[in-house]
Amino acid sequence: MGARTSVSGSAVVVGGGVGGLVAARRLALQGRDVVLLERGARLGGRVARGTIAGVPADTGAESFAVRGGTVRALVEELGLGDALVEPRGSAWVALADRTVPLPAGGVLGIPGSPLADDVRQVVDTRGAVRAYADRLLPVLKVGRYERLGPLVRGRMGRRVLERLVAPVVESVYGVDAETVPVDAIAPQLNTAITRTGSLSAAVLHLRAAAPAGSAVQGIAGGVTRLVDALLADLDRLGVDVRTDAEVIGVHPVPRGPGFTVVTPREDVPADVVVIAADGAGALDLLGDAAPEVARMPRPAPAVTRSVLLAVDDPRLDAMPRGSGVLRAAGRSDVTATALTHVTAKWPWAAEALPAGRHLLRLSYRGEEEPDGLRVAADAEALLGLVPSSIEDRLDTVWVDTAPPLAPETRSAQRALSELGLPEGLAVTGSWRAGTGLASVVAGADAAARGLG
Ligand SMILES: Cc1cc2nc3c(=O)[nH]c(=O)nc-3n(C[C@H](O)[C@H](O)[C@H](O)COP(=O)(O)OP(=O)(O)OC[C@H]3O[C@@H](n4cnc5c(N)ncnc54)[C@H](O)[C@@H]3O)c2cc1C
């Protein structure tokens, strides 16, 4: 995968998130002279490092899905294979009246074995029996279910939807479980239902096909080490990486092959261009190359705030909530959508801190800053104990300008695939490839390879 081939010519990559870095690396490995232009002062995009209580911590992505093996292969190629780690513990869910472990072995929270004890703990026996009715209902004859909410409610009942599926889908993907299209969030689920005859059997089928072990992995020292390693490799490959270089136009050369990539300071000529800017940035840059797509309605940006806390409390050594807690909609006293117990989930993070000190990460929808009392109350409610002292706090606000599962983003994705782009231009990044590093890395590599 890392061997050089020999295509000559120049390439410009727009955007220095993981998508852009991976695309630039691939183009350089193919033998092109590559310039990467990043708007900001920092590279890595939504993979970023902050400092809390004197130690480095991931403020954006903190793990990656193992599906497809793409990120793992990249991490190994970059010489970080020894640092790959599996998360410790599993997640809990905060229901209206109690906080319990999330059942093992589901897909998007949908249980494969509805009568299992861990499922009953969440949905009670009544909910479990209702969920089991899925096995007895006729095979779906009406065709494919379009939306996740009606599928889960129809087959397994309201409790499974509200207590299991909604907390997982809303905290991991940031979308409404009721309305999200099944094919967008779980592309193989409808086919598996048709093949196996029920939703729970489909879940078991998909789980059996998935690799053994944890569905996600991390990197000891933080996922930002992947960015460091990519940058070191780009340096080795002679890629010209420029920061504070916002691209304001990508213009196909009239009647000729190639492009002119415009920044406020200069025009950069390129034989091929990969636009790996985040959604709104990418759509703005398609004004010349794909005007119909650039003019389409834009999705509402999804804004999240991640609040890292350094807490001194040895009771947390016992990992009272495993790797963390997802909030179910019925839990109205809590504002945070999820809490990750970082030092429980990642032993390397615990080792970096003095005994008894812990890192917690709370996630909030929207930009509004929760005050200290709110954050402490949320931590207390989700952990089931009052943390004895909060030593430090680090907030980061993240804006996803085109959430991949938003209907407008999906329309733009479809239009782009149908209308195509001028020869030599590719568009990648999470808005196009899908949420998360596994999709972003695979999408960026494929986009760059597609340019030959
Ligand atoms: C809080 C949080 C937690 C997450 N956790 C996980 C996780 O645990 N696991 C996981 O797999 N994923 C996670 N994700 C998602 C993951 O971080 C993203 O899917 C991924 O990093 C997106 O990479 P990207 O390269 O597509 O976009 P970005 O990282 O957004 O990079 C785009 C880059 O393009 C630049 N840019 C934009 N416009 C221009 C322009 N005109 N000119 C030049 N540059 C431009 C931007 O400045 C930015 O640097 C998380 C995201 C967040 C916010």
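Search the whole structure and you get 27 salt bridges. Keep in mind that this is a predicted model. The views below pick out a few spots in it.

**View 1. The chain is assigned three pieces: domain 1, domain 2 and domain 3.** Domain 1 is put together from the stretches 10-49, 221-299 and 402-450. Domain 2 takes residues 103-209, while domain 3 takes residues 302-400. Going by C-alpha atoms, the centres of domain 1 and domain 3 are 33 Å apart.

**View 2. Domain 1 meets domain 3.** On the domain 1 side, nine residues join the contact, and on the domain 3 side, four do. About 560 Å² is buried between these two domains, with carbon and sulfur atoms giving 58% of that area. Of what domain 1 buries here, 63% comes from Arg 46, Gly 221 and Pro 403, more than any other three residues supply.

**View 3. Arg 46 bonds with Asp 400 in a salt bridge.** Zoom in on this pair and you'll find the closest N and O atoms 3.5 Å apart. The count of salt bridges between domain 1 and domain 3 is one.

**View 4. Helix H1 packs against helix H17.** H1 (residues 18-29) and H17 (residues 437-450) make an angle of about 35°, and their axes lie 8 Å apart. The crossing is right-handed. From H1, the residues in contact include Val 22, Ala 23 and Leu 27; among their counterparts in H17 are Val 441, Ala 444 and Ala 448. Sorted by class, this contact has nine nonpolar residues, three charged ones and one polar one.

Terms used
Residues numbered from 1 in each chain as written. Predicted model: local features only at pLDDT ≥ 70, side-chain atom pairs only at ≥ 80, totals over all residues. Heavy atoms only, no water. Axes fitted to C-alpha atoms, helices over the stretch in contact; angles between N-to-C directions. Helix = DSSP H or I, 4+ residues; strand = E, 2+ residues; numbered from the N terminus. Left-handed = near helix turned anticlockwise from the far one by under 90°. Contact = heavy atoms within 4.5 Å. Nonpolar A, V, L, I, M, F, W, Y, C, P; charged D, E, K, R; others polar. Domains from an automatic or database assignment. Buried area = accessible area lost by both parts, 1.4 Å probe. Salt bridge = Lys/Arg side-chain N within 4 Å of Asp/Glu carboxyl O.
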